[in-house]
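Reader: I have the sequence and the coordinates open. Please take me through the two chains and their contact.

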Amino acid sequence: MRIFRFFFFLLLIYLLQVIIVSRFAVFGVKADLFLVMTALFAVNLGAERGFVIGLLCGIIQDIFGTSFYFHSATMAILGFLVGTFKESIIGTEEGIALTAVIAATVTNFLLQLLLLFFFFGKPLASPLILLGVLVVSCFYNSLLAFIFNPLVKFSTRFLVAEQ
Amino acid sequence: MYYNEGGRKKNVYFWIIVLIALVIVLNTPFIKRTRITRTIRTVSSNIIYPFKYLGNAIYDSFTSRFYDFIRVKGIQKENEQLRSELEEYKAKVVSLDQLSNENEKLRNSLYFRAKNLNSRFLPAEIIGRSGNNWFEFVEINRGSADNIAVDTAVINKEGLVGRVCEVSKYSSKVLLVTDPTSAVSIINADTGDMGIASGNSVGPLRIRYMSANANVSIGDRIVTSGMSDIFPKGIYVGTVISVDKKDYDIFQKVQVAPVVSFSKLDKVFVIIR
């Protein structure tokens, strides 16, 4: 039952991403709300649940995407990694959330670059452009993390609670 | 309750391996050619479409509220209708203008011109955008119910937007020319040299297979060549922004800035032929 609640919650997040968030690209770079959600939920709920939430986010991205199917795997791995290493981050609650999102953004970026290199057989862009995309993504995702962290903390109680 | 963290983590490691294996299997050409994955995507798009449409309508009503204050409702409606018609004509003019300027030495030009003039421009609105920085697509509010098929060209008043890559009943996904899996046969409108424009996600378009002997300079206009059945001839794609020619290469590296501002993409036209 909880997994279905999460799935419907993530479908709402998907609508928010494709209707509003994706309209506001900064230097052509879009924020990834699913990545932010996976990292924030993994921080709050741990590695195992982070894995499941990442997997659900990835499935939604793969179903509604166009090209390669790899988000399910990358997002699940990200959720697991963030949940596993959250204990190593020291700081305030908000600080931990922001650090987790930045770490997830960098890891996701590297994972996707690796996979795309595997699929295309060549790097997608010059290192300087890629670095620019990574820096802007980190800032943009951090901003979203700052905005969505209270919502995640609130919804965690509702979504995880047994009926 | 008994909680074996080590055992649970081992389970997760097992599922990670399964997922990686699935990534490899699902992305093999054999599986990608089958209809299973495409059907799942089409059905999902049909289910989510009303929510997307409603969400967009709510968003648009909020953003246009400011304009509603300063416009009389009737005039606004008429204005929107006229604007839609104007954009359609502008899109036609872009196509016709390029057609009139194209190189007369190219074969079959009259055949393609006639084909293009008979096309119908179906207006469509963007209802969804890709959330990923690597794969560039948009979703439009037209589908198989409007006679849209896969590999139909999509343009706007500025030039080429992309091609339809997935169709469900009431919506379609349009693969933008900036997507790394996109390839468009192009021609230099100023010199007549041909090549293939491929997307680059975050950067400008790259022209592949442009011969080292081709005379390309910065500022040259690049238009579709009409060599494929997807894109009609003469649609404006972009302008050359860099040329890298080396003595030992058989092809030169050319970069093109797309003419369409994809971040501001709002209304498009599907070319029904």
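Reader: How many helices and strands does the secondary structure of chain A come to?

Author: This is a predicted model: local features need pLDDT of at least 70, side-chain atom pairs count only at pLDDT 80 or more, and totals for chains, interfaces and linings use all residues. Residues are numbered from 1 along each chain as its sequence is written, with chains lettered from A and ligands numbered from 1 in the order in which they are written. Helices (H or I, at least four residues) and strands (E, at least two) are DSSP runs, numbered from the N terminus. From that end, chain A reads α-α-α-α-α-α. The count is six helices and zero strands.

Reader: What radius of gyration does chain A have?

Author: The radius is taken over C-alpha atoms, and the globule rule is 2.2 Å times the number of residues to the power 0.38. With 163 residues, a compact globule would come out near 15 Å. Chain A agrees with that, at 15 Å.

Reader: Which element gives the most to the side of chain A that touches chain B?

Author: Contact means C-beta atoms, placed from the backbone, within 7 Å. Chain A puts in 40 residues and chain B 37. By class, the chain A side has 27 nonpolar (Ala, Val, Leu, Ile, Met, Phe, Trp, Tyr, Cys, Pro), four charged (Asp, Glu, Lys, Arg) and nine polar residues (the others, Gly among them). With five residues, the top contributor is H4(A).

Reader: Which strands of chain B does H3(B) lie across?

Author: H3(B) spans residues 35–63. The helix runs at about 85° to one of these strands, at residues 120–129. The strands are S1 and S4.

Reader: In what order do the six strands of chain B close into a barrel?

Author: Strands pair if DSSP finds at least two bridges between them. S4 (residues 160–167) and S5 (residues 172–176) are joined by five bridges, and B:Glu166 partners B:Lys173. The barrel's pairing is antiparallel. Its order is S1-S2-S5-S4-S3-S12.

Conventions:
Two residues are in contact if their C-beta atoms, placed from the backbone, lie within 7 Å. Axes are lines fitted to C-alpha atoms, for helices over the stretch in contact, and angles run from 0 to 180 degrees between N-to-C directions.
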